Amino acid sequence: MGFVEVRDVWKDYVVGRVRVTALRGVSLDVDAGEFLAVTGPSGSGKSTLIYLISGLDVPTRGLIRVGGVEVSRLDQASRASWRRRNVGIVFQFFHLIPTLTALENVLLTMELAGIPAGKRVERALELLEFVGLRDKADRYPWELSGGEQQRVAIARAIAHNPPLILADEPTANLDYENKLRIVELLREISNSGKTVVFATHDVELARKADRVIRLRDGVVVGSEGGGGAPSKISP
Ligand SMILES: Nc1ncnc2c1ncn2[C@@H]1O[C@H](COP(=O)(O)OP(=O)(O)O)[C@@H](O)[C@H]1O
Ligand SMILES: [Mg+2]
């Protein structure tokens, strides 16, 4: 039994009169502190799986449990408040708030998660230090490169200390060096005891995780150990 349990999950999207079945009976477990990559070609269901685990959406059929909470059975409001406290999400296009600085983007997440005001600034600066951007805390997103924006997004995703970090194609818009840096940060986050699930169509990057699950047409077609160091060393 994992920290994340996905049991026979099916997901249909209905668009007009057309039904698309994005997931067809997916089951998997992710252990606490594991770094799992979900890979597969475009349209294989990676994003759908990430959204369902995050509680942004619910399965058509099947069950998702995270840390013992059956997320797939919560109503929308309960899922939203559960997610704000328990999940950090990193997206392909960063989604930083353009009118807030790097520091303010990180602070906002802490405020939404109910972290006391007195503790926020010091922790936000520590997180920006962790992602190598302490000196750029006062920059706006448009004053940062793509790789830097994604590092701010990672600092923001872990700002409220959630046990689960989900990343959906976080490296897709970056050059090779920045792709590696983002995956290294995800590795360090998992080494600090967080559970990390990382969706990518990039098979080479996926191999840097502890384990790789392969999806095709909404079905798990393979699972193998990645090349990443399995040791759990605290940063
Ligand atoms: N909101 C949506 N509405 C309708 N179809 C969708 C939606 N999201 C995804 N799909 C469809 O579900 C399938 C899986 O998509 P997705 O989970 O985005 O795969 P991936 O992330 O691997 O590219 C695709 O056929 C896609 O077109
Ligand atoms: Mg996707």
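This is a predicted model: local features need pLDDT of at least 70, side-chain atom pairs count only at pLDDT 80 or more; totals for chains, interfaces and linings use all residues.

Student: How many helices and strands are in the protein?

Tutor: Seven helices and ten strands. The radius of gyration is 17 Å, close to the 18 Å that the globule rule gives for 235 residues, so the protein is as compact as a globular protein of that length. Along the principal axes, the C-alpha atoms fill a box of roughly 45 × 40 × 35 Å.

Student: And what percentage of the residues is buried?

Tutor: Buried residues account for 41% of the 235.

Student: OK, the core. Which residues touch the most other members of the largest nonpolar core?

Tutor: Ile53 and Leu128, out of 62 residues in that core. Helix α5, residues 146-158, gives the most to this core, with six residues.

Student: What does Leu128 touch, leaving out residues up to four places away in sequence?

Tutor: Its partners are Ala102, Leu103, Val106, Leu133, Arg134, Ala137 and Ala155.

Student: Switching to ligand 1. Which residues surround it?

Tutor: The shell holds Tyr13, Val15, Val20, Ala22, Gly40, Ser42, Gly43, Ser44, Gly45, Lys46, Ser47 and Thr48. The elements giving two or more residues to this shell are β1 (4-15), β2 (18-30) and α1 (46-54).

Student: Which of them gives the most?

Tutor: That's α1, with three residues.

Student: And how does the shell split by class?

Tutor: Around ligand 1 there are four nonpolar, seven polar and one charged residues.

Terms used: Residues are numbered from 1 along each chain as its sequence is written. Chains are lettered from A and ligands numbered from 1 in the order in which they are written. A residue is near a molecule or strand if its C-beta atom, placed from the backbone, lies within 6 Å of it. Helices (H or I, at least four residues) and strands (E, at least two) are DSSP runs, numbered from the N terminus. Ala, Val, Leu, Ile, Met, Phe, Trp, Tyr, Cys and Pro count as nonpolar, Asp, Glu, Lys and Arg as charged, and the others, Gly among them, as polar. The radius of gyration is taken over C-alpha atoms; the globule rule is 2.2 Å times the number of residues to the power 0.38. A residue is buried if 20 or more other C-beta atoms lie within 10 Å of its own, exposed if 12 or fewer, and partly exposed in between; C-beta atoms are placed from the backbone. A nonpolar core is a set of buried Ala, Val, Leu, Ile, Met, Phe, Trp, Tyr and Cys residues joined through C-beta atoms within 7 Å. Two residues are in contact if their C-beta atoms, placed from the backbone, lie within 7 Å.
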